[in-house]
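Here are my notes for anyone opening this one for the first time. Have the model on screen and go through the points in order.

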Amino acid sequence: MAKQLPEQQERKQIFIVDDHPVFREGLVVLVKREADLAVCGEADNAAQALAAIEQLKPDLVLVDIGLPGKSGLELIKDLRAMLPEIAVLVISMHDETLYAERVLRAGGRGYIMKQEGPEKTLQAIRQVLDGQISVSGKMSARILDALSNRRAKSDSPIARLTDREFEILQLIGRGKDSHAIAEQLHLSVKTVDAHRGHIKEKLELESGTELICYAARWVEAQSSGGG
């Protein structure tokens, strides 16, 4: 028993946050197969994850963007404030060109899409555990291009939105009104309406109806194309 303890301590501890039970279980199985990795816990929402992570203090947190209630982006910001040294890798179905830069700004260390195979997922996990940033080659080039000022503005007007505005745009596109959004995000209706006004201004939309149509089309396009 004394010989097994150091061996267990050497395994990097990973916490998984994803609201899809089948995918989450798949990640658990994938990680547990590796001799140098272990799963110390899992959660299907941000509130549950925060409480467990504060207690367990894992080496790496795997986070999905689309969580019920508080989003993965907001969870990353909370984790950064609570445990600044913790490593976070996002694993999501959403196109990284929409989210990767936001994730890195929030304090995440990498982004990998769910359709990538097990080998690439494990590679990303180990890169982040080694202190590196893990994004695709394409995304890395975009980020370097932006940093070198060759691309002063993103091609997409969506990039002008703050993370909170971006989150509210998605909820509008899913048919939620200001009251429902306020309840889900624990904000006042007045605050949500102020965000809606900023979104309209940044996207150069004239009315609330135009905003709803724009948001619905955008969400539909992401569901069918970005998958």
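1. Start with helix H6, residues 118-129: its 12 residues reach 16 Å from the first C-alpha to the last, close to the 16 Å expected at 1.5 Å a residue. That expected span is 1.5 Å times one less than the number of residues. Helices (H or I, at least four residues) and strands (E, at least two) are DSSP runs, numbered from the N terminus. Keep in mind that this is a predicted model, where local features need pLDDT of at least 70 and side-chain atom pairs count only at pLDDT 80 or more, while totals for chains, interfaces and linings use all residues. Residues are numbered from 1 along each chain as its sequence is written, and side-chain values use heavy atoms, with hydrogens and water left out.

2. Which residues of H6 are buried? They are Thr 121, Leu 122, Ala 124, Ile 125 and Val 128. These residues cover an arc of only 155 degrees around the axis, so they sit on the same side of H6. The arc is taken from the directions from the helix axis to the C-beta atoms. Buried means under 20% relative accessible area, exposed over 50%, and partly exposed in between (1.4 Å probe, protein chains only).

3. What covers that buried side? The cover includes helix H2 (21-32) and the strands S1 (12-17), S2 (37-43), S3 (60-63), S4 (87-92) and S5 (110-113). Contact here means heavy atoms within 4.5 Å. Just after H6, Gly 131 takes a positive phi of about 90 degrees.

4. Now look at S3. S3 pairs with S1 in the parallel sense over 4 bridges, and Val 61 is the bridge partner of Phe 15. Another 4 bridges join S3 to S4, also running parallel, with Leu 62 opposite Leu 89. Two strands count as paired if DSSP finds at least two bridges between them.

5. The structure holds 12 salt bridges, each a side-chain nitrogen of Lys or Arg within 4 Å of a carboxyl oxygen of Asp or Glu. One of them joins Arg 126 to Asp 36, with the closest N and O atoms 2.7 Å apart. This pair links distant parts of the chain, 90 residues apart: Arg 126 is in H6, and Asp 36 is in the loop between H2 and S2. Arg 126 is partly exposed at 27% relative accessibility, and so is Asp 36 at 32%.

6. There's also a network of salt bridges linking Glu 74, Lys 77, Arg 102 and Asp 163. Lys 77 and Glu 74 come to 3.5 Å at their closest N and O atoms; both lie in helix H4 (residues 72-82), 3 residues apart, about one turn of the helix. Lys 77 is partly exposed at 30%, whereas Glu 74 is buried at 12%. Arg 102 and Asp 163 are 2.9 Å apart at their closest N and O atoms, and both are buried.

7. Last, check Glu 165 in helix H8 (residues 163-173). Is this residue buried or exposed? Glu 165 is buried, at 4% relative accessible area. Its side chain makes a polar contact with the side chain of Lys 202 at 2.8 Å. A polar contact is a pair of N or O atoms within 3.5 Å; within protein, one must be able to donate a hydrogen and the other to accept it, and residues adjacent in sequence count only if both atoms are side-chain atoms.
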